[in-house]
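Please look over the model before reading on.

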2 protein chains.
Amino acid sequence: MADYSVTLEAMLKTLLEEKKYSTLKDVLITMNPADVALAFEEIDDERIPLMFRLLPKDMAAETFVEMDPDLQELLIKGFSDYELREVVDELAADDAADLIEEMPANVVKRVLSSVDPDFRKQINDILRYPEDSAGSIMTTEYVTLREDMTVEDAIAKIRRVALDKETVYTLYVTDRRTLVGIVSLKDLLLVSNDSTLIGDIMDTNFICVNTQDDSEEVSQKLKRYNFLALPVVDNENRMVGIVTFDDAMDVIEEGATEDIEIMAGMTPSGGKTYYRSTPFDLFKQRIPWLMLLMISATFTGMIINHFESALATQVVLTAFIPMLMDTGGNSGSQSSVTVIRALSLDELEFEDLPVVIWKEIRTSVLCGVCLAAACFVKIMLIDRMLLGNTDVTIPVAAVVCATLAVTVLLAKTIGCTLPMIAKKLGFDPAVMASPFITTAVDALSLLVYFRISTALLFR
Amino acid sequence: MADYSVTLEAMLKTLLEEKKYSTLKDVLITMNPADVALAFEEIDDERIPLMFRLLPKDMAAETFVEMDPDLQELLIKGFSDYELREVVDELAADDAADLIEEMPANVVKRVLSSVDPDFRKQINDILRYPEDSAGSIMTTEYVTLREDMTVEDAIAKIRRVALDKETVYTLYVTDRRTLVGIVSLKDLLLVSNDSTLIGDIMDTNFICVNTQDDSEEVSQKLKRYNFLALPVVDNENRMVGIVTFDDAMDVIEEGATEDIEIMAGMTPSGGKTYYRSTPFDLFKQRIPWLMLLMISATFTGMIINHFESALATQVVLTAFIPMLMDTGGNSGSQSSVTVIRALSLDELEFEDLPVVIWKEIRTSVLCGVCLAAACFVKIMLIDRMLLGNTDVTIPVAAVVCATLAVTVLLAKTIGCTLPMIAKKLGFDPAVMASPFITTAVDALSLLVYFRISTALLFR
């Protein structure tokens, strides 16, 4: 699979098969937990618990977090109650909540009953938030300070609690749980006088997000400002957690994958890797759109049937149908995909619709004229002269090229408009990408084709 | 545009128009540089230098970095030599290098001559690295320690140099410029004894990358391990810089955008926002593929021409061409896009090709059988009974459905194979996405269609 484990893979397998456990342990300790997790994917299921037990306690938990849900479930089922508690206790609250969301009910019950009540409450607090909300990706392990602390007090507190906190590099100043300021550890170190008050150096002009905010928007915000973490507050403005850059990076990448999947006419895989997806998983992801689009193609069929008698007299027109439909589909998906991405990255809003349409119209005139001219030359040189098809007359070429130009214009205008309307109506704009636009543009381009040919050829 | 500036936009404009500069300055100071940069995009060009001069020195540089290259150029052209030096001196070396890569030659000359020789050398060092290499995105501003330093010495050094360094949270232990270990500021704080030696607490089992490594792979690596920064070494193993998480996030997001653009048949925009792209920019991005695909559609035309006489006797077959081609295209792009994304995320390698093909074959059998059955029912119920098209006989329906199933199988097999071969040959797999696959599958599905109908209908 990925670059690191390739060479190690064989070595780990050999050590495992030859039962050289102490060497195996020594090797695993030198590796990064993310790589160890990757290595586990290549091992036979029955050997996984054995290899996992070789890991030292803290490394075991870090490796466990990075594993695929399937493997996590397999391990949990094999754990004794004691082992389970050891691993789960080492997890951060947000990771434990993620784990619980992925596991079947009986496993969830065992996990929750294995942890102490305080930690269970923290996990449940995170689980309360809707999926895709800032609350669901935040961690509750951050360091708070008070305004009346001195820099010395603050550093002492950080040293005391650092071990259990996800980050100590951004510190949150609270007053009865309300966030009043932010100070970075770098700022603390830059203060030369240890008795300076936190209240005097903290930044009160900070950005925070609400637990209910969309996790992808929150992650984009963190990225835009290059923050290490963003504080999360509840509706009463009390600080309840932080979203860290690593979780934000995951959300942004998953968001891009989801956009790409939806744009290609699939339901999102929800983070399951291709490697772990069964053919039936892939089937379920892909069949809905294929079915829908197959049935909606009835319209294009109806249009062709309607012009059946005309087509029978000028079969040469049929030969250009694929080219016209494909060029229309490609033009449309270029525009829709560009607009969908700009919407995802917060570069465009619905209010920009007139600007976007006007830009796409000018672009499609450029593309349309250019394509029509090239197409005319191509038809005359290749289809008529080179292939010697005498049915391809100048009027036929003119009909094809005029249809091409009009189709590009229609496709680009529809392609840019539909995603923006979808966003305005609260749908995912990515749904309005290639397959959908293609079907709409197919029907339209055929109508234009037959309309223009009726006017020019069948008078 | 984006969420933050919407409400502020009007206010800033009013303040600027009414020449309330001191209020405007007070407002701008409360804002985040990324938001100020966004606000500049909405201001008339001639007022931009005026508003920029209101910003305090350090904020001016931070805002400048976040701006669009067009605006940066506009500002530099308006700067006095003194102003230019003030802004550029405040930039980090990697940001200055980025700026220089975007500017036209005459501006580059002015920028480089305005900075002091030391800084110019740093910038040039970064510029030496190929585009898309780790060297080109790294920063040279990191903190180094020595093994024989005590924790106390180390913290003292950090406090002394922190102001000029991009990050102080990961510290690099070097021995005559060779990287020998890594220690985090958190680890330093957790050590209770100030006289502990750095050599005793540093992590010698670290991950580093080479200046020549691909910037996207480096960014993925940083993301995989949840690091704040990754050290970059040259071919002699000397440490020369670090790649930080914020730059890595940008690279990952730009990589996703680039993949999406290429998959939709466009040449990448190179980070230029839709808002700033002119219709001619968009035209240049889009016309090459449209042209190529329009011309390659000659093949589909030739196939149809070849079967012209058969089609003339059974025009009803024509009506199903769009449906067959679209379903084939959609099936193929589903597979290709899934595989391209998995390749981008390092989840698949060329060696996995047999696994992938076998998985896609099973998936396409599921999809193909399901679609063919549904299509048969649809043709009989809608086309024959509801629309009363008596040309649609059971043999015709059988031909269409058999073609559909074969097309899905071919489309998915080609769709998953081409991107992996492209990757193996050193091309960008994204090129092998929808438009390309659609054209290949169109021709194949028509051949299958006519072959099957010749066998079943035209005997």
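Axes are lines fitted to C-alpha atoms, for helices over the stretch in contact, and angles run from 0 to 180 degrees between N-to-C directions. This is a predicted model: local features need pLDDT of at least 70, side-chain atom pairs count only at pLDDT 80 or more, and totals for chains, interfaces and linings use all residues. Residues are numbered from 1 along each chain as its sequence is written, and chains are lettered from A and ligands numbered from 1 in the order in which they are written.

- In chain A, the axes of α3 (residues 33–40) and α5 (residues 57–66) come within 8 Å and cross at roughly 60°. Helices are DSSP runs (H or I, at least four residues), numbered from the N terminus.
- α3(A) is therefore oblique to α5(A). Oblique is what remains after roughly parallel (under 35 degrees), roughly antiparallel (over 145) and roughly perpendicular (65 to 115).

**Helices α8 and α10**
- In chain A, α8 (residues 93–102) packs on α10 (residues 117–127) at about 65°, with axes 9 Å apart.
- The two helices, α8(A) and α10(A), are therefore roughly perpendicular.
- A:Ala93, A:Asp94, A:Ala96, A:Ala97 and A:Ile100 of α8(A) meet A:Phe119, A:Gln122, A:Ile123, A:Ile126 and A:Leu127 of α10(A). Contact requires C-beta atoms, placed from the backbone, within 7 Å.

Definitions and conventions: Two residues are in contact if their C-beta atoms, placed from the backbone, lie within 7 Å.
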